[in-house]
Amino acid sequence: MAYQGGYGHPGSGYAAPPGAYPPQNVSVPPEVQRWFAMVDRDQSGKINADELKLALVNGKGEHFSDTSCKLMIGMFDKDASGTIDIFEFEKLYTYINQWLAVFKTYDRDGSNYIDENELSQAFTQMGFRFSNEFINFLVKKSDTVSQKQISVDQFIVLCVQIQRFTEAFRMRDTQQNGTITIAFEDFLSVALTCSN
């Protein structure tokens, strides 16, 4: 894969957030309907981040983090209600399964974790040129237990955040040389927008 300016290219393994709502007459596959019913604990017809958290377990045998669940709900919550319906859930279900497949590709030793080496290889194959020091920083930032390992939920959060920052950077990198000059307020708006 070619490298340019130190950041990933479109179509480099990232699943883009979904588009518009599907028509109401589109049927949701039975498997997705079953999962939705299991996750929708209060039977409200909507799923919030807490319900999603109880349904997802990472390779450490722990539930996905609050951060990852809020991030994923937010990506698919088109009406900003803090919940997703079954159609939004179908897109989230597909998205999570895509990320699980990506994660397994880079978890070469089958440990259910990605270590610094595997994370570096993953980002390189996604088109990023990160230094060893930056990879080490990402692992330390993500790994709250100091085992130098990243679980699938931490991996998803990292990739989504890097994707968001990359898109914001790319919009400002008009000469496509990997360098931008940014005003302080613009920097803050990018940081606050991309971190949510």
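Reader: Leaving aside neighbours within four places in sequence, which residues is Asp 153 in contact with?

Author: In this predicted model, Asp 153 sits in helix α7. Its relative accessibility is 3%, and buried means under 20%, so Asp 153 counts as buried. Setting aside neighbours within four places in sequence, the residues in contact with Asp 153 are Asn 58, His 63, Phe 64, Ser 65 and Ser 68.

Reader: How far apart are the C-alpha atoms of Asp 153 and Ser 142?

Author: Asp 153 belongs to helix α7. Ser 142 is 11 residues away from Asp 153 along the chain. Between their C-alpha atoms the separation is 9.8 Å.

Reader: Which elements do the buried residues of α3 pack against?

Author: The buried residues of α3 are Ser 68, Cys 69, Leu 71, Met 72, Ile 73, Met 75 and Phe 76. One of them, Ser 68, is also in contact with Asp 153, a residue of helix α7. The buried residues of α3 pack against β1 (47-48), α2, β2 (83-84), α4 and α7.

Reader: At roughly what angle do the axes of α5 and α6 cross, and what is the handedness of the crossing?

Author: Helix α5 spans residues 116-125 and helix α6 spans residues 132-142. Their axes come within 10 Å and cross at roughly 115 degrees. The handedness of the α5 and α6 crossing is right-handed.

Reader: How do the residues of the contact of α5 with α6 divide into nonpolar, polar and charged?

Author: On the α5 side the contact is made by Glu 116, Leu 119, Ser 120 and Phe 123. On the α6 side it is made by Ile 135, Asn 136, Leu 138 and Val 139. An α-helix has 3.6 residues a turn, so residues three or four places apart point the same way. The residues of this contact divide into five nonpolar, two polar and one charged.

Reader: Is Gln 43 buried or exposed?

Author: Most residues other than glycine have a negative phi. Gln 43 is not a glycine, yet its phi is positive, about 55 degrees. Gln 43 is found in the loop between α1 and β1. Its relative accessible area is 59%, and the cut-off is over 50%, so Gln 43 is exposed.

Reader: Where is Ala 80, and what is its relative accessible area?

Author: Ala 80 is a residue other than glycine with a positive phi, near 55 degrees. Ala 80 lies in the loop between α3 and β2. Ala 80 is exposed, and its relative accessible area is 69%.

Reader: Which residues does the UniProt annotation "domain: EF-hand" cover?

Author: The end C-alpha atoms of residues 27-62 lie 32 Å apart, and that span is 47% helix and 6% strand. For residues 94-129 the end C-alpha atoms lie 28 Å apart, with 64% helix and 6% strand. According to the unreviewed UniProt entry, the annotation "domain: EF-hand" covers residues 27-62 and 94-129.

Reader: How many helices and strands does the protein chain come to?

Author: Buried residues make up 40% of the 196 residues in the protein chain. From the N terminus on, its elements run α-β-α-α-β-α-β-α-α-β-α-α. The secondary structure comes to eight helices and four strands.

Technical notes
Residues are numbered from 1 along each chain as its sequence is written. This is a predicted model: local features need pLDDT of at least 70, side-chain atom pairs count only at pLDDT 80 or more; totals for chains, interfaces and linings use all residues. Side-chain values use heavy atoms; hydrogens and water are left out. Axes are lines fitted to C-alpha atoms, for helices over the stretch in contact, and angles run from 0 to 180 degrees between N-to-C directions. Helices (H or I, at least four residues) and strands (E, at least two) are DSSP runs, numbered from the N terminus. A crossing is left-handed if the near helix is turned anticlockwise from the far one by less than a right angle, and right-handed if clockwise. Contact means heavy atoms within 4.5 Å. Ala, Val, Leu, Ile, Met, Phe, Trp, Tyr, Cys and Pro count as nonpolar, Asp, Glu, Lys and Arg as charged, and the others, Gly among them, as polar. UniProt positions are given in the numbering used here, feature names are shortened, and annotations may be inferred rather than shown by experiment. Buried means under 20% relative accessible area, exposed over 50%, partly exposed in between (1.4 Å probe, protein chains only).
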